[in-house]
Amino acid sequence: MPIPLIGAAQVSTRDSVDLMMIDGGVLRTRFADRCPALGFYPGLYMRQTADGLVCAGRDALRARSGADCRIKSFKRLAIKK
């Protein structure tokens, strides 16, 4: 997923973060392991990668505490009608 398409992020649980995309979509990012640091230090960082993409199985989100939360998967969320 191209990093510039991410508009904002919100911690949803200790093992996932919701990414709000600039097109209005929402992706749930699941971590390979729980990332309890997100509960103590709200907020996170994403490192710019050489290819400009963030990929499951390769990249991590960094909690403000400095802990890396390795990305396991992405899931597009849909609004139920």
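Start by selecting β1 (6-13) and strand β2 (residues 16-21): these two run antiparallel and are joined by six bridges. Helices and strands here are DSSP runs (H or I, at least four residues, for helices; E, at least two, for strands), numbered from the N terminus, and two strands pair if DSSP finds at least two bridges between them. Look for Ala9, whose bridge partner in β2 is Leu19. Then follow the chain from β1 into β2: the hairpin linking them passes through two residues.

A quick word on what you're looking at: this is a predicted model, where local features need pLDDT of at least 70, side-chain atom pairs count only at pLDDT 80 or more, and totals for chains, interfaces and linings use all residues. Residues are numbered from 1 along each chain as its sequence is written, and side-chain values use heavy atoms, with hydrogens and water left out.

Next, click on Ser16 in β2. Ser16 has a relative accessible area of 0%, so it counts as buried (buried is under 20% relative accessible area, exposed over 50%, partly exposed in between, with a 1.4 Å probe and protein chains only). Show side chains, and you'll find those of Ser16 and Ser12 in a polar contact at 2.7 Å. That term means a pair of N or O atoms within 3.5 Å; within protein, one must be able to donate a hydrogen and the other to accept it, and residues adjacent in sequence count only if both atoms are side-chain atoms. Beyond four places in sequence, Ser16 is in contact (heavy atoms within 4.5 Å) with residues including Val11, Arg28 and Thr29.

Now zoom out to the whole sheet. Its six strands are ordered β1-β2-β3-β6-β5-β4, the sheet is open and the pairing is antiparallel. At the edges sit β1 (6-13) and β4 (44-46), each pairing on one side only. Neighbouring strands are turned by 40° against each other on average, direction ignored (axes are lines fitted to C-alpha atoms, for helices over the stretch in contact, and angles run from 0 to 180 degrees between N-to-C directions).

Three bridges join β4 to strand β5 (residues 60-63), running antiparallel, and Tyr45 has Arg62 in β5 as its bridge partner.

Last stop: Cys69, in strand β6 (residues 68-77). Cys69 is buried, at 3% relative accessibility. Its C-alpha atom is 8.6 Å from that of Asp59, 10 residues away along the chain.
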